[in-house]
Amino acid sequence: MASSYSLRFSCLWIAVVENVLTWPQKFVRDLVLRRGFSGRVLDAGCGIGDNALYIAKACPGAEVVAVDVVARCLEFASAKAGLRGMRGRVALEVGDLLQQDPERMPDTLGPRANGSYSVVLDSYTFDSLGDPERERYVPTLSRLLRPGGLIYMSCMSEEETRPGGARRVPIGDILLIFNKSTGWDVEGIEGSTMELHPTFWGGKAKARLFTIRKL
Ligand SMILES: C[S@@+](CC[C@H](N)C(=O)[O-])C[C@H]1O[C@@H](n2cnc3c(N)ncnc32)[C@H](O)[C@@H]1O
């Protein structure tokens, strides 16, 4: 069993090596202050778990499920949960949100989970997907969300003009996919800041937070 120190070091190391953060994104901290998370919450593409763990800690009314397709991410999320005394507080699942057959998903994402989520958090997952992947991802979110449920989706914006980084997501791309004729209502579009590892772009990139309701 690795010591607490070596686990802590490993988390720090993967954060540096993989250019990811070890704290929740600012827009997530802000949404917590706005009481944005209650009921069953899905962190879609949770990475190494900081957003999910923060929501679970700060929002007692939220039951958080965090899913990522990369098993190694969940291993780190699990180690962090242990270090923070939060083991078992977030359901950590390896799962592919592009999977179109719910029977092949873990229970928390399978057919019995249809319509069971009140909120989906998408913290820079949608903007990492190509167009064909988005066409499979959005129906999965729709299947899992209850009618009236919300997606909080933060994406890097086209106003971020420095070369590199994730795919930029103009407002028009979101409105084309999420609109009343496709069963969604985009209720909010706000400027936001993506927090990065401090060695990359000084730790900040221009982003937008979309609040999207399932009709
Ligand atoms: C840019 S990272 C964002 C991680 C985290 N949400 C955050 O804010 O730090 C995008 C994440 O989406 C995950 N992802 C990509 N495709 C996925 C899929 N099909 N199913 C589940 N997770 C996926 C990646 O493995 C990665 O951890």
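I began with helix 2 (residues 26–33) in this predicted model. I found that helix 2 lies across strand 4, strand 5, strand 6 and strand 7 (204–214). Against strand 6, helix 2 runs at about 125°.

Next I looked up helix 5 (residues 131–144), which lies across strand 1 (39–44), strand 4, strand 5 and strand 7. I noted an angle of about 140° between helix 5 and strand 5.

In what order do the seven strands run? I read 3-2-1-4-5-7-6, in an open sheet with mixed pairing. Strand 3 (90–94) and strand 6 (184–195) are the edge strands, each pairing on one side only. From one strand to the next, the twist averages 20°.

Strand 4 (residues 117–123) and strand 5 (residues 145–156) pair in the parallel sense, over six bridges. I checked Ser123 too, and its bridge partner in strand 5 is Ser154.

Ser123 came up again when I moved to the ligand. Which residues are closest to the ligand? I listed Gly45, Gly47, Val69, Leu97 and Ser123, out of 18 residues that surround the ligand. Sorted by class, I have nine nonpolar, seven polar and two charged residues in that shell.

Last, I looked up the record. An unreviewed UniProt entry lists residues 41–149 as "domain: Methyltransferase". Over residues 41–149 I noted 33% helix and 26% strand. The end C-alpha atoms of that stretch are 10 Å apart.

Conventions: Residues are numbered from 1 along each chain as its sequence is written. This is a predicted model: local features need pLDDT of at least 70, side-chain atom pairs count only at pLDDT 80 or more; totals for chains, interfaces and linings use all residues. UniProt positions are given in the numbering used here, feature names are shortened, and annotations may be inferred rather than shown by experiment. Helices (H or I, at least four residues) and strands (E, at least two) are DSSP runs, numbered from the N terminus. A residue is near a molecule or strand if its C-beta atom, placed from the backbone, lies within 6 Å of it. Ala, Val, Leu, Ile, Met, Phe, Trp, Tyr, Cys and Pro count as nonpolar, Asp, Glu, Lys and Arg as charged, and the others, Gly among them, as polar. Two strands pair if DSSP finds at least two bridges between them. Axes are lines fitted to C-alpha atoms, for helices over the stretch in contact, and angles run from 0 to 180 degrees between N-to-C directions. Two residues are in contact if their C-beta atoms, placed from the backbone, lie within 7 Å.
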